[in-house]
Amino acid sequence: MNDQDIQVFITGVRRYFESLRKDLRVVIEPPFIKDEQKPFLEYTGIIGVSGKAHGAVCFTANRVMLENILRFLNEAPINGELICDLVGEIANTLSGNAREEFGRDFLISVPVVSTGDHIRFQFPKECRNYVIPIIWQTEKAYLLICLT
Amino acid sequence: MKLLIVDDSSVVRRAIERDLESGEITEVDQAATGEDAVRLYGAKLHDVITLDITMPGMDGLTCLDKIIAINPEARVLIISALRDKATAIDAIKRGASGFLCKPINPSELREAFELLIED
């Protein structure tokens with residue numbers, strides 16, 4: 001995975017948030033590399049990747065952002081189960097969309113959802129961890145690309 | 001008209017149901033797995049099916065094969081995050097009537113649904 005490959009994920013993030021409401025701007029800050037501790041927020045959807053690349057794609061966000069998205073999707077009442085479902089689905093959408101660039105051999109798993117720092121996934125040690133900061137309606141989230 | 005919505009995400013299933021709400025649809029069933037979808041379809045032979053691909057257990061393409069084996073004329077609209085052309089072509093070759101990429105655009109979904117029921 002290199003700097004150029006990250007662009008497909010940025011395009012996917014923009015597409016996802018614009019699909020919620022085009023007039024609400026999503027701000028994507030410059031991606032950075034963080035090889036040690038990963039910036040996990042309250043809820044994290046993790047997609048295991050195999051085939052053409054190995055590792056994981058994670059979408060991590062706080063409850064407030066996820067509740068706001070659920071409101072845009074007309075979900076009510078909102079509960080923890082729906083929030084976990086949503087964070088997994090966003091991770092699935094963003095990683096699945098990357099096949100536009102990487103093709104069919106970029107194999108993705110179903111989402112695993114974790115809360116807080118209790119991350120149930122073994123990340124490969126040999127990959128660079130790209131972090132894409134996302135700001136939507138003043139709330140921050142991250143897309144983490146941990147792929148060989 | 002009977003509609004079957006298959007996706008492992010309940011948020012997505014409900015969004016599809018809301019987007020397709022119309023007088024034409026008289027009955028909606030939902031399935032979170034391919035196995036449940038095949039069982040439900042075998043029992044009710046829904047007029048239209050929306051089908052995700054990446055699901056735990058039986059994946060959507062295997063589910064599609066089983067639905068087409070039950071009824072080769074089944075109208076199946078794939079709705080998947082997998083945005084590569086090869087997967088879309090494979091799904092169509094296996095009998096899907098259409099392919100939409102997530103995130104779902106409600107107007108594109110309604111348009112695809114209308115085309116499907118016109119056939």
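Where in chain A is the place of Glu67(A)? In this predicted model, Glu67(A) belongs to helix 2, which covers residues 63-72 of chain A. Its relative accessibility is 18%, and because buried means under 20%, Glu67(A) counts as buried. Leaving aside residues up to four places away in sequence, Glu67(A) touches Ile78(A) and Ile83(A).

Attention now turns to charged pairs. Over all chains, the count comes to 17 salt bridges. One of them joins Arg15(A) to Glu100(A), with the closest N and O atoms 3.1 Å apart. Arg15(A) lies in helix 1 (residues 6-20) and Glu100(A) in helix 4 (residues 99-102) of chain A, so this pair ties together parts that are 85 residues apart in sequence. Arg15(A) counts as partly exposed at 21% relative accessibility, and Glu100(A) is also partly exposed, with a relative accessible area of 46%.

Other salt bridges cross between the chains. Lys102(B) pairs with Glu89(A), the closest N and O atoms being 2.9 Å apart. This pair runs from the loop between strand 5 (98-101) and helix 5 (106-118) of chain B to helix 3 (residues 80-97) of chain A. Both Lys102(B) and Glu89(A) are buried. These two residues also belong to a network of salt bridges that links them with Asp7(B) and Asp52(B).

A further salt bridge connects Asp90(B) with Arg104(A), where the closest N and O atoms are 2.6 Å apart. Here the pair crosses from helix 4 (residues 85-93) of chain B to the loop between helix 4 and strand 5 (106-108) of chain A. Asp90(B) counts as buried at 17% relative accessibility, whereas Arg104(A) is partly exposed, with a relative accessible area of 32%.

Technical notes: Residues numbered from 1 in each chain as written. Chains lettered and ligands numbered in written order. Predicted model: local features only at pLDDT ≥ 70, side-chain atom pairs only at ≥ 80, totals over all residues. Heavy atoms only, no water. Helix = DSSP H or I, 4+ residues; strand = E, 2+ residues; numbered from the N terminus. Buried < 20%, exposed > 50% of the residue type's maximum accessible area, 1.4 Å probe, protein only. Contact = heavy atoms within 4.5 Å. Salt bridge = Lys/Arg side-chain N within 4 Å of Asp/Glu carboxyl O.
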